[in-house]
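Have the sequence and the 3D view open side by side.

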Amino acid sequence: MQDNHHENYRSRGWNIIPLKEGSKLPKIEWLEYQTKKYDGSFGETDNTAVVLGAISNNLAVIDFDFSDYGTIQKLLPCKWSETMLIRTKRGIHAYFQSINSSPRTCKLEYDNHHIDIKAEGGYVVAPPSVVDGFEYQQLNKCDNIYQLDFHQLATEWEKIGVKGIAEKGGSAK
């Protein structure tokens with residue numbers, strides 16, 4: 001099962017790395033794989049991470065750290081059926097391909113809900129990984145990755161009250 005996921009991720013041009021069993025922590029020194037494809041092996045029980053940013057075709061993830069689906073739908077820049085959604089222990093990872101340069105990783109807040117934009121310089125845990133007994137699973141049947149202008153999204157979110165907390169490498173809008 002894990003091999004099928006790895007083949008799927010790699011066929012999309014995504015860079016994947018092994019994580020420690022049952023953990024979000026890398027099994028390898030991973031920083032070089034922000035700019036270089038990992039071609040090493042995975043252990044049978046290793047978790048999997050997708051490295052984000054330019055190395056994975058400008059892949060970025062909006063990490064909704066809550067499961068209030070009404071609020072998520074309000075903030076989601078497309079329909080549920082238009083991009084890959086992954087169920088996490090606390091919420092949802094929504095996968096997007098940035099149509100401009102890969103955005104920076106930043107932390108945001110909306111109506112007391114925590115949101116991370118995970119992108120260049122980061123990674124996300126991917127299915128079928130298991131962390132603390134919870135298995136990451138695809139929430140919808142969509143294999144599409146919605147193309148998104150994150151600059152436009154930032155402008156739209158600012159209008160409805162999404163607030164920036166901090167941004168890696170600079171200040172959030």
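## A strand hairpin

Two strands pair if DSSP finds at least two bridges between them. Strands (E, at least two residues) and helices (H or I, at least four) are DSSP runs, numbered from the N terminus. This is a predicted model, in which local features need pLDDT of at least 70 and side-chain atom pairs count only at pLDDT 80 or more, while totals for chains, interfaces and linings use all residues. Residues are numbered from 1 along each chain as its sequence is written, and side-chain values use heavy atoms, with hydrogens and water left out.

Strand 6 (residues 106–110) and strand 7 (residues 113–118) run antiparallel, joined by 5 bridges. E109 has H114 in strand 7 as its bridge partner. The two strands form a hairpin with 2 residues between them. D111 sits in the turn, with a positive phi of about 50°.

Which residues of strand 6 are on its covered face? They are C106, L108 and Y110. K107 and E109 make up the uncovered face.

## Two buried residues

Buried means under 20% relative accessible area, exposed over 50%, and partly exposed in between (1.4 Å probe, protein chains only). L75 is found in helix 2 (residues 69–75). L75 is buried, because its relative accessibility is 1%. Contact means heavy atoms within 4.5 Å. Leaving aside neighbours within four places in sequence, L75 is in contact with residues including F64, F66, W157 and Y110. Y110 also belongs to the covered face of strand 6.

V125 lies in strand 8 (residues 123–126). Its relative accessible area is 5%, so V125 is buried too. Not counting residues up to four places away in sequence, V125 touches L19, K24, T48, A49, H93, Y95, V131 and Y136. How far apart in space are V125 and T88, C-alpha to C-alpha? The distance is 8.8 Å, although they are 37 residues apart in sequence.

## The whole chain

The protein chain has 3 helices and 13 strands. Its radius of gyration is 15 Å, close to the 16 Å from the globule rule for 173 residues, so the chain is as compact as a globular protein of that length. The radius is taken over C-alpha atoms, and the rule is 2.2 Å times the number of residues to the power 0.38.

Of the 173 residues, 47% count as buried. Among contacts between residues at least 6 apart in sequence, 72% join residues at least 24 apart.
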